[in-house]
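Dear colleague,

I am handing over the structure we spoke about, and it is shown just below. My notes on what was found in it follow after that.

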Amino acid sequence: MNKFLKWFASDSFIVSLAAIFMGLLLGAVVMFIGGYNPITAYMALLQSVFGSLDGFGEALREMAPLVLTGLAVAFAFRAGMFNIGAAGQVLMGMTGASLIGIKVTGLPAIIHAPLAVIVGALFGGLWAALAGYIKAKRGVNEVITTIMLNWIALFLCNYIVRTFLLMPGSQRSLDVESSSWVSIGWLSEMMGNARVHWGILIAILASIFFYYFLWKTKQGFEIRAVGSNPEAARYAGINVNKNIVKAMFISGVLAGLAGAFETLGVFHYQSIYSSLPQYGFNGIAVALLGMTHPFGVLAGAGLFGMLTYGASGMSFEAGVPSEIIQIVIGSIIFFIAAQGIVRFILKPVYKRKKEKVL
Amino acid sequence: MKKAVKFSLFMLLAFSLVLAACGNNKSGGTTSTGSEGEGGKTGSDIKIGMVTDTGGVNDKSFNQTSWEALQALEKEQGIKVQYLQSTGEADYQPNLNKFVKGGYDLTWGIGFALEKALGEIATQNPDSNFAIIDAAVDAPNVESVLFSENEGAFLVGVIAGKMTKTNKIGFVGGAESPTIKKFEIGFKAGIEAVNPKAEFTALYASGFDKPDEGKAAASTLYNDGVDIIFQAAGGTGNGVFNEAQDRKGQGVWVIGVDKDQSIDFGNEITLTSMIKRVDVAIKTVSQQVIDGTFKGGTTTVLGLKEDGVGIADTSSANVPQEVLDEVQSYKEKIVSGEITVPTVK
């Protein structure tokens, strides 16, 4: 318990909180300049997330992929790598899930749905492992390869959908078999048809797995050691190359899960995308916001999901353009990244605290 | 250090005062916000909403046209109108739901991308009314509006076929969807009707929000000696115009789409525009709701006959009268049924 409290009082937690507050404040200033009332706007935002059951369900739906992509980026980060390719891995996950969901028929739901999810996760994992392999084998920076693989994934997935899965006369795939759905029907009905799905639960479980694996197992220790100092890890007898590929694979699995659940739980089909899905990149921001700690990511994704989902409520109730929320999110990331500014502003607060202690 | 903090606080205060002054000026003058319900105090409490596709409300194309049509209705009839933008395909359902929950009398879905989402929401809420552009949704409470884009494209094809100097004509589409194919096929048929020898090339971008790809496609075509490009690509088409602007004075032309794009891009590069009267559709169906005559469950197709498609009124700026006369005669033939414009190859 004491440890838990300490975490709340920790420096990074306070800085994150201050950055969020400053981001919201900056957003309020921008709204004020635009001639809107920031208080009604933020109230409308909260209202649309917590005001009704279906709003809350949809906000959860928005958060689930953000948790998973955030975890994906954070996991690679712990292994000393920067996985910018979550978007591409999400797409691969979607495609894997759609292939199984559409092409495999006649299976009972209890097998079909998990199979589709697992294949989606594997697609994402292997796609990321490819970048890990190139780094381990040839030392190519994963930032470059993952970005390049993003585009390859986009066009490869569009090709697969267009050639094998296309619903004639439209820009999307056929519907996946209902036996592969991971929607929670009864809960959906209870929550006014909000598209809630098992991915929300899996996302939370994934963050617990993340914590347990990295901090409580030997393999996790190895990955962290490689992340902190590959040379020292090598000297200690850890196979660095193997761990790089493994870390990228797990990172990709997490992102692939996000994609699989979007297809099987939310849309029940896959679109031909004209650009990479946004939450792939938002995962980077979520990971930063959560200080690459799994529970931080959970909280960060919660905030992000709330802001992005609530934005339309803000525009509906208070007439504030939803783009304003992008400014808020942008400035929160800015303040997290530029911690010097936050610390500078927090300085008087810290000083007083110290005086009190003395 | 203390001084610095004090100074920055002071600057912040001064800055915010200046900003506040700006803010007041702005809020007095412009009306670019989403909700303007308070403006119309005339009796009617009909509420009409629309959900954009991912192009957004300022796409200089059909989302914008739709919103402008609703705003005009608001002014004329004193109804309340509102829009919601969709940033991704996941937004369609919750956005539509917001209007349903808000008790709106009619909710528009703009574009074929909303077909499935609108269908589902309409089935879940049989007591609410919906309408959709560019897609047919089969539900008793949905009014679907489609356009015969091929007929309008045929007319601008006639113009292109008559006006080309290099005998090479190009087309840039936003995505290889059935709707956009209709533009291409109609356009091609129009060219072939008046100039069978002209060479025709069609290029497609990977989406409607890719001006860079539009610019690259236009550059390829112009370099090949094409002198007239018809774009049916939404925001991507802005890139086509941009490329033409860079080559101003080299005798290159763009044919605009959806609305009179010479207003945005000028007469020096805009040969003409194929108009798709989304505004007419929005006004007609919305008016039915206001009058209480809305039925739903039907699909309306607006073609040349219904004035749902056509060419821009400002075409005469660049197109000589004899070509316009020919366009007129083709129009009459299509309306009378003498010519049937193909929709598929």
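**Contacts between the chains and within chain A**

A salt bridge links A:Asp54 with B:Lys101, and the closest N and O atoms of this pair lie 2.9 Å apart. Please keep in mind while reading that this is a predicted model. Between chain B and chain A the count is 2 salt bridges, while the search over all chains of the whole structure gives 23. Across the interface of the two chains, 10 residue pairs are found in polar contact, with both residues at pLDDT 80 or more.

On the side of chain B that touches chain A, the elements that give two or more residues are helix H1 (2-29), strand S2 (80-84), helix H3 (92-101) and helix H4 (115-124) of chain B. Of these, H3(B) gives the most, with 7 residues. Sorted by class, this side of chain B has 13 nonpolar, 14 polar and 9 charged residues.

As for the extent of the interface, 36 residues of chain B are in contact with 34 residues of chain A, and the area buried between the two chains is about 2900 Å², of which carbon and sulfur atoms give 54%. Within the area that chain B buries against chain A, B:Glu89, B:Lys98 and B:Lys116 supply 22%, which is more than any other three residues.

Turning to chain A itself, the side chains of A:Arg61 and A:Glu58 meet in a salt bridge, at 2.7 Å from N to O. These two residues are separated by about one helical turn, because they are 3 residues apart in helix H4 (residues 53-78) of chain A.

Chain A also carries a nonpolar surface patch of about 600 Å², made by A:Trp198, A:Leu201, A:Ile202, A:Ile204, A:Leu205, A:Ile208 and A:Phe295. Helix H9 (residues 199-216) of chain A gives the most to this patch, with 5 residues, whereas A:Trp198 has its place in the loop between helix H8 (185-190) and H9 of chain A.

With best regards

Notes. Residues are numbered from 1 along each chain as its sequence is written. Chains are lettered from A and ligands numbered from 1 in the order in which they are written. This is a predicted model: local features need pLDDT of at least 70, side-chain atom pairs count only at pLDDT 80 or more; totals for chains, interfaces and linings use all residues. Side-chain values use heavy atoms; hydrogens and water are left out. Contact means heavy atoms within 4.5 Å. Buried area is the accessible area (1.4 Å probe) that two parts lose on being put together, summed over both. A salt bridge is a side-chain nitrogen of Lys or Arg within 4 Å of a carboxyl oxygen of Asp or Glu. A polar contact is a pair of N or O atoms within 3.5 Å; within protein, one must be able to donate a hydrogen and the other to accept it, and residues adjacent in sequence count only if both atoms are side-chain atoms. Helices (H or I, at least four residues) and strands (E, at least two) are DSSP runs, numbered from the N terminus. Ala, Val, Leu, Ile, Met, Phe, Trp, Tyr, Cys and Pro count as nonpolar, Asp, Glu, Lys and Arg as charged, and the others, Gly among them, as polar. Patches are made of residues with over 30% relative accessible area and no salt bridge: like charges are joined within 9 Å, nonpolar side chains (Val, Leu, Ile, Met, Phe, Trp, Tyr) within 5 Å. Accessible areas come from the Shrake-Rupley method with a 1.4 Å probe; for residues, only the protein chains shown count as cover.
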